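Here are a few notes to read alongside the model.

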Amino acid sequence: MAAVLYRLGRFSFRRRGRVLAAWLILLALLGGAAAAFSGPTTDNFTMPGTESQRALDSLRRQFPQAGGTTGTIVVAAPEGGKLDPAALAPIVREAAAVPGVLAAMDPFQVGAVSPDGRHALVQVQFDSPLDKITDAQRAAYEQAGATAPGLRVEHGGEIMKAEVEIGSTEAFGVLIAAVVLVVTFGSLVAAGMTLLNALIGVGAGMAGLFSLSGVVELSNVAPVLALMLGLAVGIDYSLFITSRYRQYLAEGVEAEEAAGRATGTAGSAVVFAGATVIIALAGLAVVGIPFLSVMGLAAAATVALAVLVALTLLPAILGFAGARVLPRRQRAGADTGTGDDREAMGFRWGRLVTRLRVPVLVVAVVVLGALALPARDMRLSLPDAGTAAEGSTAREAYDLISEGFGPGFNGRLIAVVTGDDAQATANAAKQAAGAIQTTPGVLAVTPPQANAQGTTALLTVIPKTGPADAATEQTVHAIRERMNDIQGARVALSGVTAIGIDISAKLADAMPVYLLLVVGLSILLLLLVFRSILVPLKAALGFLLTIGATFGITVAIFQQGHLADLLGVGRPGPLVSFLPILLIGILFGLAMDYEVFLVSRMREDFVHGDTAQRATVNGLGHNARVVTAAALIMTSVFGGFVFMHDPIIKSMGFALAVGVLIDAFVVRMTLVPAVMSLLGRAAWWLPRPLARVLPNLDIEGESLNRRTDEPVPAVIGAG
């Protein structure tokens with residue numbers, strides 16, 4: 001592996017002009033394809049095989065006029081006043097005139113007026129699903145009733161689910177990453193080059209992703225996740241290779257040879273670190289939920305591109321930069337960069353941790369275990385308008401509905417009754433309405449509405465509690481149990497709470513298979529990389545501490561509300577249903593990143609003759625600074641997404657940022673050297689039969705060391 005990447009690095013360095021031109025041409029082609037073929041993203045969550053999905057599919061096939069997007073216009077009279085039909089009529093007419101609206105219901109005709117007469121709901125039915133609604137339609141909807149004199153009018157409903165915007169907030173993370181790179185390298189050239197390399201890679205990845213969005217249904221979270229990971233790993237992978245290149249230059253190695261050796265050694269670690277992330281993300285496809293599969297594959301493709309960019313484009317850019325990647329004092333010969341290495345903080349920390357390894361292990365495990373305790377109370381659901389940013393139109397409408405009608409009106413459920421003929425359907429719908437009305441937790445159920453053929457009927461169910469309330473989940477389960485007794489037709493229950501229950505159940509069923517696949521493949525990969533039984537097992541066990549503490553902190557803030565105001569969490573509530581499996585996949589891949597970068601250097605020194613104890617200290621000492629910088633960069637990139645208003649992105653960015661901090665600083669740079677010190681030479685034990693079977697991937701670059709006695713080819717324009 002190291003020899004192949006060594007030749008690739010030297011080739012890219014030597015042919016830097018052509019390599020850079022090829023990447024720029026590819027970036028332009030992908031950008032053009034994105035501009036020509038991109039389509040809209042969607043927040044539709046399709047879950048084949050679930051009851052809620054069957055209900056939605058039945059509506060689309062048999063009752064299309066009820067299968068489109070809905071809107072709810074909330075109207076309120078001044079305090080102490082009452083609404084009258086004459087005041088609401090113009091609002092209903094304006095809503096009905098919005099392009100694509102099938103009907104706007106007069107509240108006084110359908111009984112959608114609060115008991116005190118102060119609040120009313122104008123239900124609006126569109127003919128198209130949410131992903132087909134245009135900005136013009138949404139704008140026209142928001143204008144309906146906006147100028148009604150003396151009334152408060154708020155616009156809510158499905159149509160107000162806005163697309164996630166990618167913009168200024170994540171730029172803060174990139175800015176912090178740039179500062180960390182400048183401090184780490186002490187060179188604007190090295191920092192700018194590393195950042196530019198990562199931005200080209202993520203730009204190509206995002207352009208390629210959007211170019212496919214016209215033919216692939218892309219969830220609106222997928223591009224954000226791809227951007228988040230593409231930036232983070234792109235910067236980190238470039239950082240590791242550039243740091244090794246600078247080390248070789250400081251040791252007096254000629255520039256082209258330094259680029260080749262950096263690509264062969266650090267580049268090998270990048271390949272296998274990237275492979276673990278790709279496995280973890282692509283493995284989401286086994287869950288069987290289309291939008292989650294697309295998210296995972298999109299992010300995996302972006303990470304794969306980041307690896308390819310780091311192995312080819314980076315050596316080319318290094319060729320243009322030459323020795324300017326070193327601080328000025330090193331280029332002037334005042335500092336060779338080798339005299340103070342063993343006094344660096346990483347070496348001192350390594351010696352301290354290995355000397356106090358037992359107390360360090362006990363304290364770290366106890367602290368992480370304590371942080372994980374809130375995760376026992378984790379609740380999962382899909383986000384609703386109640387978690388939207390305060391002051392937003394959707395949140396104002398949600399709060400006004402709760403004020404006038406009760407929280408259950410924000411989480412209406414739909415029961416879809418489907419029979420073979422009109423009579424059977426009507427009888428079953430009547431039975432269902434009676435059974436639902438007497439179910440504990442149900443406030444009201446509307447009379448059945450049948451399609452033209454009479455074979456499908458729709459009942460709207462109003463629970464007493466809000467969509468994210470645990471009591472509403474119990475109500476859904478109770479309704480479904482009662483529907484099992486309905487004869488002559490099929491009844492399926494859907495709605496935001498029902499969908500959340502179904503997706504959580506499906507993810508729970510898929511989790512063992514996912515973990516077996518991802519963890520199994522990653523451990524096998526680490527077994528090949530480190531030629532050790534205990535190192536991969538230690539890496540996986542350390543991840544359990546990381547994920548437990550990360551879940552605990554996330555639950556404490558986003559669900560229980562501790563420090564929620566500090567992070568701009570509008571209203572604490574359950575975590576989004578797919579966050580756990582997504583977080584496990586991403587964090588596992590990233591955790592293995594740092595495991596590979598740190599422990600590969602330990603193995604490199606061990607293979608080259610150091611004792612196991614000295615190799616542990618030296619491996620941490622050489623890489624502590626760069627791993628610290630990488631973790632801070634990744635945390636800042638993820639942390640930039642915490643400032644977004646979307647609750648899914650906010651919680652995802654926070655959890656990833658916290659997870660990286662815990663894994664990099666507590667697990668990988670504290671627990672790992674402590675455990676490696678305890679294990680000693682046993683850490684590198686591999687049974688002889690297995691050693692003969694496993695290929696030697698040589699990521700530590702042993703084959704490259706044999707080249708040091710060979711004459712080095714003349715440099716071609718070191719820059």
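Which exposed residues does helix 13 carry on the face turned away from its buried side? Keep that in mind for the first point, and remember that this is a predicted model.

1. Helix 13 covers residues 345-355. The exposed residues on the face turned away from its buried side are M345 and R355. Its buried residues are G346, F347, G350, V353 and T354. Look down the axis of helix 13 and those buried residues fall within an arc of 130°, so they line one face of the helix.

2. Now for the rings. Searching the whole structure turns up eight aromatic pairs. One of them is F291 with F578: the ring centres are 5.3 Å apart and the planes sit at 70°, so this pair is edge-to-face. It ties together distant parts of the chain, with F291 in helix 11 (residues 290-321) and F578 in the loop between strand 11 (575-576) and helix 20 (579-607), 287 residues apart. Both F291 and F578 are buried.

3. F606 and W684 make a stacked pair, at 5.8 Å centre to centre and with 25° between the planes. Distant parts of the chain are linked here too: F606 belongs to helix 20, while W684 is in the loop between helix 22 (647-679) and helix 23 (688-693), 78 residues away. F606 and W684 are both buried.

4. There's also a cluster to find: ring pairs join Y237, F240 and F597.

5. Have a look at R16, which has two rings to note. R16 lies over the face of F13, 5.2 Å from the ring centre. Its charged end also sits over the ring of F320, at 5.9 Å from the centre of that ring.

6. R531, in the loop between helix 18 (496-530) and helix 19 (534-559), has a positive phi of about 50° although it is not a glycine. L563, in the loop between helix 19 and strand 11, has a positive phi too, near 60°, and is likewise a residue other than glycine.

7. Are R531 and L563 buried or exposed? R531 has 14% relative accessibility, which is under the 20% cut-off, so it counts as buried. L563, with a relative accessible area of 60%, is exposed.

Key:
Residues numbered from 1 in each chain as written. Predicted model: local features only at pLDDT ≥ 70, side-chain atom pairs only at ≥ 80, totals over all residues. Heavy atoms only, no water. Phe/Tyr/Trp six-rings, centres within 6.5 Å; stacked < 30°, edge-to-face > 60°. Helix = DSSP H or I, 4+ residues; strand = E, 2+ residues; numbered from the N terminus. Buried < 20%, exposed > 50% of the residue type's maximum accessible area, 1.4 Å probe, protein only. Lys NZ or Arg CZ within 6 Å of the ring centre and 35° of its normal. Arc of directions from axis to C-beta.
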